[in-house]
Amino acid sequence: MEGFGSDLSSGSSGKMDTGTIMEQVKVQIAVANAQELLQRMTDKCFKKCIGKPGSTLDNSEQKCIAMCMDRYMDAWNTVSRAYNSRLQRERARI
């Protein structure tokens, strides 16, 4: 597999740049978290709003999905802010 990991190396020595690797890992984690959020939100809102699946959504289903997703995102953001705030307080105590 030619070029595999070539974007992870720095300089001609071929050594891995730890900072670059960490940034790539952070990006991959963020993408995985976003995918999980979207999947959970889709599952929960589908179960809540769709009575019997069909080829289209009626107006009430569309409104329900939109409101459900808005509420889910608001709740997610509230929990995320609280979690990050608590992490910062805990780190400050150490």
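Glu23 is partly exposed, with a relative accessible area of 46%. That residue opens this note on a predicted model.

1. **Glu23 and its partner.** Glu23 forms a salt bridge with Lys26. The closest N and O atoms of Glu23 and Lys26 are 3.8 Å apart. The cut-off for a salt bridge is 4 Å. Glu23 and Lys26 sit in helix α1, 3 residues apart, so about one helical turn separates them. An α-helix has 3.6 residues a turn, so residues three or four places apart point the same way.

2. **Helix α1 as a whole.** Helix α1 covers residues 18-49, which is 32 residues. From its first C-alpha to its last, α1 reaches 46 Å. That is close to the 46 Å expected at 1.5 Å a residue.

3. **A second pair in α1.** Where does Glu36 find its salt-bridge partner? Its side chain meets that of Arg40, with 2.8 Å from N to O. Glu36 and Arg40 lie in helix α1, 4 residues apart, about one turn of the helix. Glu36 is partly exposed, at a relative accessible area of 38%. Arg40 also counts as partly exposed, at 45% relative accessibility.

4. **The pair in α2.** Helix α2 runs over residues 59-93. Glu90 and Arg93 are 3 residues apart in α2, so about one helical turn lies between them. Arg93 is exposed, with a relative accessible area of 68%. The count for the model comes to 3 salt bridges.

5. Glu61 lies in helix α2. Glu61 is buried, yet it has no salt bridge. Side chains of opposite charge can pair when their charged atoms come close. For Glu61, the nearest side chain of opposite charge is Lys52, and it is 8.7 Å away. A salt bridge needs the nitrogen and oxygen within 4 Å. What does Glu61 touch? Leaving out residues up to four places away in sequence, Glu61 touches Cys49, Ile50, Gly51, Lys52 and Thr56. Lys52 is thus a contact of Glu61, but not a salt-bridge partner.

6. **The buried side of α1.** Which residues of α1 are buried? They are Leu37, Met41, Cys45 and Cys49. The buried residues of α1 pack against α2.

7. **The nonpolar core.** The largest nonpolar core has 8 residues. They are Leu37, Met41, Cys45, Cys49, Ile50, Ile65, Cys68 and Tyr72. The elements that give two or more residues to this core are α1 and α2. α1 gives the most, with 4 residues. In soluble globular proteins, nonpolar side chains tend to be buried together. Ile65 shows some of the contacts: it touches Cys45, Phe46, Cys49 and Ile50, not counting residues up to four places away in sequence.

8. **Disulfide Cys45-Cys68.** A search of the whole structure finds 2 disulfides. One of them is formed by Cys45 and Cys68, with their sulfur atoms 2.0 Å apart. The torsion about this S-S bond is about -85 degrees, so the disulfide of Cys45 and Cys68 is left-handed. Cys45 lies in helix α1 and Cys68 in helix α2, so the pair ties together parts 23 residues apart in sequence. Cys45 and Cys68 are buried.

9. **Disulfide Cys49-Cys64.** A disulfide joins Cys49 to Cys64, at 2.0 Å from S to S. With -70 degrees about the S-S bond, this link is left-handed. Cys49 is in helix α1 and Cys64 in helix α2, so the pair ties together parts 15 residues apart in sequence. At 8% relative accessibility, Cys49 counts as buried. Cys49 also belongs to the largest nonpolar core and touches Glu61.

10. **Pairing order.** How are the bonded cysteines paired? Numbered in sequence order, the pairing is 1-4, 2-3.

Notes:
Residues numbered from 1 in each chain as written. Predicted model: local features only at pLDDT ≥ 70, side-chain atom pairs only at ≥ 80, totals over all residues. Heavy atoms only, no water. Buried < 20%, exposed > 50% of the residue type's maximum accessible area, 1.4 Å probe, protein only. Lys, Arg positive; Asp, Glu negative; His and termini not counted. Contact = heavy atoms within 4.5 Å. Expected span 1.5 Å × (residues − 1). Core = buried A, V, L, I, M, F, W, Y, C linked by side-chain atoms within 4.5 Å. Disulfide = S-S within 2.5 Å.
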